[in-house]
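I opened a new page for this protein. These are my notes on what I looked up, in the order I took it.

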Amino acid sequence: NKKIIIVIVTGGIAAYKSPDLIRRIKELGYKVIPVLTKGGGKFLTPLTLSAVSEEKCYFDLFDLTTESEMGHIKLARKADLILVAPASADFISKIKNGFCNDLASTLLLATKAPILICPAMNPAMWTNPATVENISSLKKRGLNIIGPEEGISACGEFGIGRLADVNSISEKLSNILSYNKNDSPLKGLNALVTTGPTHEAIDDVRYMSNLSSGKQGYSIANALSVHGANV
(Lines give C-alpha, C1' and ligand atoms only; values in the text may rest on other atoms or scores of the structure.)
Protein backbone atom coordinates (compact mmCIF):
# COMPACT_ATOMS: atom_id res chain seq x y z
CA ASN A 1 0.00 0.00 0.00
CA LYS A 2 2.99 2.29 -0.39
CA LYS A 3 2.35 5.51 -2.26
CA ILE A 4 4.03 5.53 -5.65
CA ILE A 5 6.31 8.35 -6.74
CA ILE A 6 7.41 8.58 -10.37
CA VAL A 7 10.76 10.36 -10.57
CA ILE A 8 11.56 11.84 -13.99
CA VAL A 9 15.24 12.59 -14.57
CA THR A 10 15.94 15.02 -17.41
CA GLY A 11 19.20 16.12 -19.02
CA GLY A 12 21.47 18.23 -16.82
CA ILE A 13 24.56 17.85 -14.68
CA ALA A 14 22.33 17.91 -11.58
CA ALA A 15 21.11 14.45 -12.64
CA TYR A 16 24.01 13.02 -10.63
CA LYS A 17 21.99 13.90 -7.49
CA SER A 18 18.96 11.90 -8.60
CA PRO A 19 20.11 8.50 -7.23
CA ASP A 20 20.62 10.08 -3.80
CA LEU A 21 17.19 11.73 -4.04
CA ILE A 22 15.55 8.42 -4.97
CA ARG A 23 17.26 6.72 -2.05
CA ARG A 24 16.03 9.45 0.29
CA ILE A 25 12.43 9.15 -0.95
CA LYS A 26 12.54 5.37 -0.46
CA GLU A 27 13.76 5.90 3.12
CA LEU A 28 10.57 7.87 3.75
CA GLY A 29 8.53 4.79 2.87
CA TYR A 30 7.52 5.54 -0.72
CA LYS A 31 7.81 3.30 -3.77
CA VAL A 32 9.83 5.01 -6.52
CA ILE A 33 9.52 4.31 -10.24
CA PRO A 34 12.23 6.09 -12.28
CA VAL A 35 11.73 7.52 -15.76
CA LEU A 36 14.75 8.68 -17.76
CA THR A 37 14.61 11.12 -20.68
CA LYS A 38 16.96 10.91 -23.65
CA GLY A 39 18.94 13.85 -22.27
CA GLY A 40 19.01 12.33 -18.80
CA GLY A 41 20.49 9.20 -20.36
CA LYS A 42 23.59 11.22 -21.25
CA PHE A 43 24.34 11.53 -17.53
CA LEU A 44 22.86 8.36 -15.97
CA THR A 45 21.96 4.89 -17.16
CA PRO A 46 18.66 3.05 -16.65
CA LEU A 47 20.61 0.40 -14.74
CA THR A 48 21.78 2.98 -12.18
CA LEU A 49 18.26 4.21 -11.47
CA SER A 50 16.87 0.67 -11.39
CA ALA A 51 19.53 -0.34 -8.88
CA VAL A 52 18.79 2.49 -6.41
CA SER A 53 15.01 2.32 -6.81
CA GLU A 54 14.76 -1.48 -7.01
CA GLU A 55 12.19 -0.97 -9.76
CA LYS A 56 12.23 -1.04 -13.54
CA CYS A 57 13.46 2.21 -15.10
CA TYR A 58 11.26 3.38 -17.99
CA PHE A 59 12.66 5.44 -20.84
CA ASP A 60 11.04 4.41 -24.14
CA LEU A 61 7.55 5.60 -25.08
CA PHE A 62 7.41 3.10 -27.92
CA ASP A 63 8.37 0.02 -25.94
CA LEU A 64 6.26 -2.53 -27.81
CA THR A 65 5.87 -4.87 -24.83
CA THR A 66 4.68 -2.10 -22.53
CA GLU A 67 2.69 -0.10 -25.04
CA SER A 68 0.70 -3.10 -26.25
CA GLU A 69 -1.13 -2.57 -22.96
CA MET A 70 -1.12 1.25 -23.13
CA GLY A 71 1.68 1.29 -20.59
CA HIS A 72 2.17 5.06 -20.47
CA ILE A 73 -1.46 5.59 -19.42
CA LYS A 74 -1.30 2.86 -16.78
CA LEU A 75 1.93 4.30 -15.43
CA ALA A 76 0.45 7.81 -15.29
CA ARG A 77 -2.63 6.52 -13.42
CA LYS A 78 -0.49 4.51 -11.00
CA ALA A 79 1.39 7.55 -9.66
CA ASP A 80 0.41 9.30 -6.43
CA LEU A 81 2.85 12.09 -7.37
CA ILE A 82 5.22 12.79 -10.26
CA LEU A 83 8.54 14.43 -9.41
CA VAL A 84 10.76 15.99 -12.09
CA ALA A 85 14.29 16.32 -10.69
CA PRO A 86 16.24 17.82 -12.24
CA ALA A 87 13.94 19.72 -14.58
CA SER A 88 15.93 21.30 -17.40
CA ALA A 89 14.91 24.54 -19.12
CA ASP A 90 14.03 22.53 -22.23
CA PHE A 91 11.78 20.11 -20.34
CA ILE A 92 10.07 22.93 -18.44
CA SER A 93 9.25 24.51 -21.80
CA LYS A 94 7.78 21.21 -23.01
CA ILE A 95 5.55 20.93 -19.93
CA LYS A 96 4.34 24.50 -20.30
CA ASN A 97 3.39 24.00 -23.94
CA GLY A 98 1.89 20.54 -23.51
CA PHE A 99 4.37 18.73 -25.75
CA CYS A 100 4.38 14.93 -25.38
CA ASN A 101 6.97 13.51 -27.77
CA ASP A 102 8.60 11.16 -25.25
CA LEU A 103 7.54 9.00 -22.31
CA ALA A 104 8.28 11.58 -19.60
CA SER A 105 6.32 14.44 -21.16
CA THR A 106 3.47 12.09 -22.09
CA LEU A 107 3.18 10.94 -18.47
CA LEU A 108 2.84 14.52 -17.27
CA LEU A 109 0.10 15.23 -19.78
CA ALA A 110 -1.78 12.02 -18.93
CA THR A 111 -1.53 12.09 -15.13
CA LYS A 112 -4.09 13.38 -12.63
CA ALA A 113 -1.59 13.23 -9.77
CA PRO A 114 0.18 16.25 -8.23
CA ILE A 115 3.35 17.31 -10.05
CA LEU A 116 6.49 18.65 -8.34
CA ILE A 117 9.04 20.41 -10.57
CA CYS A 118 12.66 20.93 -9.42
CA PRO A 119 14.40 23.27 -11.88
CA ALA A 120 18.18 23.15 -12.34
CA MET A 121 20.09 25.08 -14.99
CA ASN A 122 22.62 27.82 -15.71
CA PRO A 123 21.77 31.07 -13.81
CA ALA A 124 21.38 33.02 -17.07
CA MET A 125 18.94 30.43 -18.38
CA TRP A 126 16.92 30.60 -15.15
CA THR A 127 16.55 34.40 -15.37
CA ASN A 128 15.82 34.39 -19.11
CA PRO A 129 12.34 35.92 -19.73
CA ALA A 130 11.23 32.74 -21.54
CA THR A 131 11.99 30.57 -18.50
CA VAL A 132 10.46 33.12 -16.13
CA GLU A 133 7.26 33.11 -18.19
CA ASN A 134 7.21 29.30 -18.35
CA ILE A 135 7.59 28.93 -14.58
CA SER A 136 4.93 31.56 -13.93
CA SER A 137 2.52 29.69 -16.23
CA LEU A 138 3.16 26.37 -14.47
CA LYS A 139 2.51 27.93 -11.05
CA LYS A 140 -0.78 29.39 -12.28
CA ARG A 141 -1.79 25.92 -13.45
CA GLY A 142 -1.22 24.54 -9.96
CA LEU A 143 2.06 22.72 -10.45
CA ASN A 144 4.41 22.73 -7.45
CA ILE A 145 7.86 24.28 -7.89
CA ILE A 146 10.82 24.03 -5.52
CA GLY A 147 14.14 25.75 -6.16
CA PRO A 148 16.46 26.41 -7.73
CA GLU A 149 18.98 27.56 -5.13
CA GLU A 150 21.84 30.03 -5.23
CA GLY A 151 25.40 28.81 -5.67
CA ILE A 152 28.15 28.04 -8.16
CA SER A 153 26.89 26.20 -11.23
CA ALA A 154 28.76 23.46 -13.09
CA CYS A 155 30.00 26.02 -15.62
CA GLY A 156 31.55 28.08 -12.82
CA GLU A 157 28.99 30.92 -12.82
CA PHE A 158 27.52 32.09 -9.52
CA GLY A 159 23.79 32.69 -9.26
CA ILE A 160 20.42 30.99 -8.85
CA GLY A 161 20.20 27.73 -10.75
CA ARG A 162 21.35 24.84 -8.57
CA LEU A 163 18.98 21.95 -7.87
CA ALA A 164 17.19 22.33 -4.53
CA ASP A 165 18.60 20.41 -1.58
CA VAL A 166 17.65 16.73 -1.63
CA ASN A 167 16.16 16.88 1.87
CA SER A 168 14.12 19.97 0.97
CA ILE A 169 12.71 18.18 -2.09
CA SER A 170 11.75 15.06 -0.14
CA GLU A 171 10.15 17.19 2.59
CA LYS A 172 8.15 19.16 0.03
CA LEU A 173 7.06 15.93 -1.60
CA SER A 174 5.83 14.52 1.72
CA ASN A 175 3.96 17.74 2.50
CA ILE A 176 2.16 17.68 -0.84
CA LEU A 177 1.03 14.09 -0.26
CA SER A 178 0.00 14.78 3.32
CA TYR A 179 -2.40 17.65 2.64
CA ASN A 180 -5.34 18.27 0.37
CA LYS A 181 -5.24 21.96 -0.56
CA ASN A 182 -8.96 22.00 -1.32
CA ASP A 183 -9.71 21.08 2.30
CA SER A 184 -6.80 22.89 3.95
CA PRO A 185 -7.29 25.57 6.63
CA LEU A 186 -5.39 28.32 4.78
CA LYS A 187 -7.15 27.99 1.41
CA GLY A 188 -7.69 31.43 -0.13
CA LEU A 189 -5.18 33.18 2.15
CA ASN A 190 -2.56 35.33 0.42
CA ALA A 191 0.72 35.30 2.36
CA LEU A 192 3.88 37.37 1.89
CA VAL A 193 6.99 36.01 3.63
CA THR A 194 10.21 37.99 3.95
CA THR A 195 13.36 36.05 4.74
CA GLY A 196 17.14 36.27 4.79
CA PRO A 197 19.47 38.83 6.43
CA THR A 198 18.39 42.35 7.37
CA HIS A 199 20.35 45.55 6.69
CA GLU A 200 20.18 48.46 9.13
CA ALA A 201 21.76 51.61 7.72
CA ILE A 202 24.42 53.45 9.75
CA ASP A 203 24.95 56.10 7.07
CA ASP A 204 24.80 56.30 3.27
CA VAL A 205 27.59 53.74 2.88
CA ARG A 206 27.74 51.47 5.92
CA TYR A 207 25.17 49.17 7.46
CA MET A 208 24.80 46.53 10.15
CA SER A 209 23.66 43.07 9.08
CA ASN A 210 23.61 39.41 10.11
CA LEU A 211 24.46 36.04 8.60
CA SER A 212 20.90 34.72 8.32
CA SER A 213 20.59 32.03 5.62
CA GLY A 214 16.86 32.56 5.16
CA LYS A 215 16.15 28.83 5.57
CA GLN A 216 13.66 29.39 8.39
CA GLY A 217 11.67 31.80 6.22
CA TYR A 218 11.71 29.32 3.34
CA SER A 219 10.38 26.62 5.65
CA ILE A 220 7.60 28.94 6.85
CA ALA A 221 6.70 29.77 3.25
CA ASN A 222 6.63 26.07 2.39
CA ALA A 223 4.40 25.25 5.37
CA LEU A 224 1.97 28.01 4.40
CA SER A 225 1.90 26.73 0.84
CA VAL A 226 1.18 23.08 1.64
CA HIS A 227 -1.68 24.19 3.93
CA GLY A 228 -3.37 25.94 1.00
CA ALA A 229 -2.11 29.53 1.07
CA ASN A 230 -0.99 31.47 -1.99
CA VAL A 231 2.53 32.44 -0.97
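**Contacts and overall build**

I began with contacts. Of those in the protein with a separation of 6 or more, 71% join residues 24 or more positions apart. I note that this is a predicted model.

Next I looked up the secondary structure. The protein has 10 helices and 9 strands. I then checked the radius of gyration. The value is 19 Å, close to the 17 Å that the globule rule gives for 231 residues, so the protein is as compact as a globular protein of that length. I also took the box along the principal axes. The C-alpha atoms fill roughly 70 × 45 × 35 Å.

**Inside and surface**

How much of the protein is buried? I found that buried residues make up 45% of the 231 residues. The protein exposes about 12900 Å². Carbon and sulfur atoms supply 53% of that area.

**One hairpin**

E6 covers residues 149–152, and E7 covers residues 158–162. Do they run parallel or antiparallel? They run antiparallel, and 4 bridges join them. I looked for the bridge partner of glutamate 150 and found isoleucine 160, in E7.

Last, I checked what lies between the strands. The hairpin of E6 and E7 has 5 residues there. In this hairpin, glycine 156 takes a positive phi near 95 degrees.

Terms used. Residues are numbered from 1 along each chain as its sequence is written. This is a predicted model: local features need pLDDT of at least 70, side-chain atom pairs count only at pLDDT 80 or more; totals for chains, interfaces and linings use all residues. Side-chain values use heavy atoms; hydrogens and water are left out. Helices (H or I, at least four residues) and strands (E, at least two) are DSSP runs, numbered from the N terminus. The radius of gyration is taken over C-alpha atoms; the globule rule is 2.2 Å times the number of residues to the power 0.38. Buried means under 20% relative accessible area, exposed over 50%, partly exposed in between (1.4 Å probe, protein chains only). Contact means heavy atoms within 4.5 Å. Accessible areas come from the Shrake-Rupley method with a 1.4 Å probe; for residues, only the protein chains shown count as cover. Two strands pair if DSSP finds at least two bridges between them.
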